[in-house]
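Here is my note for your first look at this structure. Keep the model open and find each residue as you read.

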Amino acid sequence: MKQAQAAEQGAATRGMQTFMLIWIGQLVSILGTNLTGFGLPVWIYQQTGSATQLTLLSFFGFLPVILLSPFAGVLVDRWNRKTTLILSDLGGALATISLVLLLWMDRLDVYLIYPIVIMSGCFGAFQFPAFAAAITQLVPKDQLGRASGMMQLAQAIGQLLAPAIAGVLVTTIGLEGVILIDFATCLFAIGTLLLVRIPNAERSAEGEAARGSVGHEALFGWRFITARRGLLALLLFFAASNFLMGTIVVLSTPLVLAFGTAVELGLVRSVAGVGMVVGGVVMSIWRGPKRRVYGALGGILLSGISMMIAGLAPSAILIAIAAFFFTLGMPLVGASSQPIWQSKVPVDLQGRVFGVRSTIATASMPLAYLISGPLVDYVFEPMMVPNGPLAGTFGTVIGTGEGRGIALMFIIMGFLAVLAVVAGYMYPRLRFVEDELPDAIPDNLPAEEAALAEQQPQLQHL
């Protein structure tokens with residue numbers, strides 16, 4: 001027994017060490033990606049002066065992920081996860097360096113950027129399912145919440161630091177230099193992956209039964225979710241939440257600029273970045289609530305209430321406070337929901353299941369971007385002008401004039417987010433998803449070692 005416990009502790013330690021090395025590489029890569037993500041839109045806007053061009057840049061970045069993720073997830077299950085991650089990073093690096101080459105040749109045009117962004121998105125479609133499945137293989141189940149919190153922290157650090165760093169670098173070394181740094185960070189991430197071992201996932205009986213064509217296996221990912229009503233409810237809850245949050249992300253800038261300055265907008269964004277970093281740090285230390293679904297629901301509840309507060313008055317301080325708590329809840333959501341999926345889906349099926357999950361959850365974001373503008377321009381803003389249809393009701397509370405229609409939309413979307421949390425809590429399949437669905441891996445074992453434990457039960461009797 002002692003020998004088995006020692007082997008278990010050793011496996012857990014090795015898995016966390018491997019994860020930490022990969023995490024460092026991903027942190028550096030995320031920072032580099034966000035540098036380009038800041039510098040490239042600035043360059044496009046300076047060249048064209050068109051907000052539509054910026055919208056198209058985001059749209060083409062999302063499109064491959066939405067369309068390809070289910071099929072990419074199937075290939076993630078068929079291939080070694082380490083190899084898949086390396087190829088994904090290499091594809092991103094090639095897309096990045098192609099931008100630099102076009103700049104050096106003075107041939108970079110806005111309409112050449114879109115195919116490059118699409119190519120990068122195609123490789124990126126492999127990233128989430130491969131990395132999420134690899135974490136399950138490496139990290140003990142009781143540490144999955146912490147690992148997810150660390151990934152949320154990496155994203156938060158990138159979002160907080162990149163704009164300030166990129167703003168300085170664009171003016172000193174130019175867009176070419178910024179993109180070259182991004183390329184170097186991609187190579188660094190690949191280097192960390194080359195140093196670690198991620199084994200092939202052991203095949204489960206369910207995985208063997210699901211084998212077939214790529215299309216058949218992609219469809220199986222959807223069937224796996226729909227056969228488990230708790231996971232389906234969790235997925236639809238987050239798709240709806242992403243839609244509501246997406247409207248806030250795209251409208252936060254005009255909300256502040258309707259009454260404030262660019263400096264005040266920068267303050268709000270900085271405070272929001274700090275909130276996400278604080279949340280990521282907390283979740284990296286804390287494993288999250290014992291019942292993880294409560295953490296996911298609670299994080300959305302906090303963000304929904306924050307959205308409502310942000311719309312109450314045209315005050316940069318009030319909006320900054322609301323932004324802090326809005327982003328503070330995001331790591332709690334991610335670090336609580338991700339371990340549920342990782343523990344309930346067999347490791348050899350996680351690629352295709354997470355691919356379908358990514359498609360459905362991500363598709364609601366560009367939809368929010370597309371309808372938010374028309375809703376503001378043609379519905380909410382006209383209703384909230386002085387003497388407008390809602391000036392005598394909502395206008396007496398939050399004011400009228402420019403930006404107050406956006407504020408009303410914030411309040412409505414926040415209220416809908418709170419209602420979604422209440423509905424999710426009231427639905428038993430969602431609230432008890434952790435109890436009703438069996439775990440795919442035993443406690444305190446990385447998936448890799450769990451498979452070995454199942455094959456060698458005699459170790460439990462030593």
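1. How many residues does helix 14 have, and how far does it reach from its first C-alpha to its last? Remember that this model is predicted. Helix 14 covers residues 350-383, which makes 34 residues. Its reach is 47 Å, close to the 50 Å expected at 1.5 Å a residue. Now look at Val376. Helix 14 bends there by about 45°.

2. Stay with helix 14 and find Arg352. Arg352 forms a salt bridge with Asp77, and the closest N and O atoms are 2.7 Å apart. The pair links distant parts of the chain, with Asp77 in helix 2 (residues 51-78) and Arg352 in helix 14, 275 residues apart. Are these two residues buried or exposed? Both Asp77 and Arg352 are buried. They also belong to a network of salt bridges that links Asp77, Arg78, Arg81, Glu217 and Arg352.

3. How many salt bridges does a search of the whole structure find? The search finds nine. One joins the side chains of Asp439 and Lys344, at 2.6 Å from N to O. Asp439 lies in the loop between helix 18 (433-436) and helix 19 (447-455), and Lys344 lies in helix 13 (residues 316-344), so the pair ties together parts that are 95 residues apart in sequence. Lys344 is buried because its relative accessible area is 7%, under the 20% cut-off. Asp439 is at 36%, so it counts as partly exposed.

4. Another salt bridge joins Arg228 and Glu206, at 3.0 Å from N to O. Arg228 sits in the loop between helix 9 (214-226) and helix 10 (229-257), while Glu206 is in helix 8 (residues 205-209), and the two are 22 residues apart. Glu206 has 30% relative accessibility, so it counts as partly exposed.

5. Turn to the aromatic rings. The count comes to eight aromatic pairs. Why is the pair of Tyr111 and Tyr114 called edge-to-face? Their ring centres are 5.9 Å apart and their planes meet at 80°, and over 60 degrees counts as edge-to-face. Both residues lie in helix 4 (residues 110-124), three residues apart, about one turn of the helix. An α-helix has 3.6 residues a turn, so residues three or four places apart point the same way. Still, Tyr111 is exposed at 56% relative accessible area, whereas Tyr114 is buried at 6%. Ring pairs also link Phe60, Tyr111 and Tyr114 into a cluster.

6. Compare Tyr294 and Tyr425. Their ring centres are 6.0 Å apart and their planes are at 40°, so the pair is tilted. Tyr294 lies in helix 12 (residues 292-310) and Tyr425 in helix 16 (residues 404-426), so the pair ties together parts that are 131 residues apart in sequence. Tyr294 is partly exposed at 35% relative accessibility, and Tyr425 is partly exposed at 39%.

7. Which residues form a nonpolar patch on the surface? They are Leu101, Trp104, Met105 and Leu180, with about 420 Å² of accessible area together. Leu180 is found in helix 7 (residues 174-194). At 32% relative accessibility, Leu180 counts as partly exposed.

8. Finish at Asn387, in the loop between helix 14 and helix 15 (395-398). Most residues other than glycine have a negative phi. Phi of Asn387 is near 70°, a positive value. Asn387 is exposed, with 81% relative accessible area.

Key:
Residues numbered from 1 in each chain as written. Heavy atoms only, no water. Helix = DSSP H or I, 4+ residues; strand = E, 2+ residues; numbered from the N terminus. Expected span 1.5 Å × (residues − 1). Bend = angle between axes of the 7 residues up to and from the residue. Patch = residues over 30% accessible without salt bridge, like charges linked within 9 Å, V, L, I, M, F, W, Y side chains within 5 Å. Areas by Shrake-Rupley, 256 points an atom, 1.4 Å probe, with all protein chains shown as cover. Salt bridge = Lys/Arg side-chain N within 4 Å of Asp/Glu carboxyl O. Buried < 20%, exposed > 50% of the residue type's maximum accessible area, 1.4 Å probe, protein only. Phe/Tyr/Trp six-rings, centres within 6.5 Å; stacked < 30°, edge-to-face > 60°.
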